[in-house]
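Hi,

Here is the structure I promised to pass on. Please open it first; my notes follow below.

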Amino acid sequence: GDFPIEVDTLVVGAGPGGYVAAIRAAQLGQKVTIVEKNAIGGVCLNVGCIPSKALISAGHSFESATGNEALGIKTENVTIDFAKVQEWKGSVVNKLTSGVESLLKGNKVDIVRGEVYFHDANTVKVMDENTSQTYKFNNCIIATGSHPIEIPTFKFSDRVLDSTGALNLKEVPKKLVVIGAGYVGSELGSAYANFGTEVTFLEGAKDILGGFEKQMTALVKKGLKAKGATIVTEAMAKGVEETADGVKVTYEVKGKEETVEADYVLVTVGRRPNTSELGLEQVGIEMDEKGLIKVDKQSRTNISNIYAIGDIVPGLPLAHKASYEGKIAAEAISGEKSEVDYIGMPAVAFTEPELAQVGLTEQQAKDAGYDVKVGKFPFAANGRALSLNNSDGFLKLITRKEDGLVLGGQIAGPNASDMISELSLAVESGMTAEDIALTVHAHPTLGEITMEAAEVAIGKPIHI
Ligand code: FAD
């Protein structure tokens, strides 16, 4: 038997949920031990947010290097060294993950490598290749994240890829099929389309990018089609046959069976929480039918000294949500009264154009019984957007009619991912459209679109 090591706060998983929780807990005076079975930084830094954004940005650079006739820019023989792209992407990931490791060490967090398995409400075993060590903890934050769903008829292989496989390709495919056009599929498919890949999207639902309004997804579809992509909605993927140098994907649309051939097929039909192999049943931690752990407003499970955050609890499976919950859990353990409030939680798709939203949509606000006033402003009426030669899109500000309280907002357009922060701030702090309209926004900037939409909402528009 091994002698148990006693620790104060144990964090399981070093993704954006776990590592942020560990740092905040350490800042608040807890003695923290974090256990990671794979790579520091979790999915987000290693095989999610960061490498995907690097690939998207490389795709943009390549696409814009191929010239722009509207601007009178002609180029010839633009080539791409994809191995170099991958090397650069890896260097971005390494900078960030080693940065996180330094931050953890700087905050005196003990980093342990291994896989955690729960025994009871105060005990885990940490298993390494050939060792097993028992740890006793006072408090624990579980942040074990999620993994891609595998469809039985599409077993992952060298040709049938999950998001990680698609991020790590060694070549630019000539043809790629993407099954599931949620944000991960749409982002990666659009990145490869910029590299010149002929992409076919097969989406089971009526529209791509579920969760975003039709007017927004329509712009993304238009952009993808302009890049030569094919989008088939209400398509049921049936199976895949691996050929000598590619795949043949069978799907059904409107009762008809179709096939499409490609070099690879990327399957992005959602993710599952990593909660089934942790021994949580031995502790009696309550989960829902999807395997998501039930938590209260302080991210506490039904076991009072065990907390859960990030992709393993209900809500948007996004990195900034995991980090937010991590801070709340760390503060709760330290005796602070912090509680989660998701009202200002943004969601972004890094497509073209980018889509971003926070708070309520127009329909959600109406359904919630609000008398709504919408302020909408097009990118095409903004000087900065026009001078960027990128003016497809709009910003929609959803306000409460009686007093202009900002209830939410949606943005489709260049830099929507950055612009959404102002709307998050407005929703989070209970600002009105007048507050935004009275705030001077520098000229010429895309930020002025937010001010102009607020002016529309209060009935005093200048440029529309
Ligand atoms: P994870 O990041 O999954 O980290 C969990 C960690 O726990 C892992 O490192 C894992 O190895 C470890 N672990 C699991 N089990 C154990 C165990 N038993 N013992 C020890 N360690 C364990 N989100 C955004 O907000 N913006 C984006 O642009 C974005 N892009 C994405 C792109 C892709 C391709 C993908 C796949 C995801 C993307 N996401 C994005 C989602 C984001 O990556 C996740 O929401 C986020 O990583 C969740 O954080 P987490 O801390 O809950 O879990």
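Helices (H or I, at least four residues) and strands (E, at least two) are DSSP runs, numbered from the N terminus. On that basis, Ser146 lies in strand S7 (residues 146–148). The model is predicted: local features need pLDDT of at least 70, side-chain atom pairs count only at pLDDT 80 or more, and totals for chains, interfaces and linings use all residues. Residues are numbered from 1 along each chain as its sequence is written.

Overall fold first. The protein has 14 helices and 22 strands. Its radius of gyration, taken over C-alpha atoms, is 24 Å; a compact globule of 464 residues would have one near 23 Å, so the two agree. The globule rule is 2.2 Å times the number of residues to the power 0.38.

Now the annotated site. An unreviewed UniProt entry places a "binding site" at Lys53, Thr144, Gly145, Ser146 and Asp311. UniProt positions follow the numbering used here, feature names are shortened, and annotations may be inferred rather than shown by experiment.

Two of these residues are worth a look. Asp311 sits in the loop between strand S17 (306–308) and helix H9 (319–333). Buried means 20 or more other C-beta atoms within 10 Å of a residue's own, exposed 12 or fewer, partly exposed in between, with C-beta atoms placed from the backbone. Ser146 is buried because it has 21 such neighbours. Asp311 is buried too, with 29.

Contacts are C-beta pairs within 7 Å, again placed from the backbone. Leaving aside residues within four places in sequence, Ser146 contacts Asp311, Arg271 and Pro273, among others. On the same terms, Asp311 touches residues including Gly145, Pro317 and Ala322.

Best wishes

Key:
Contact = placed C-beta atoms within 7 Å.
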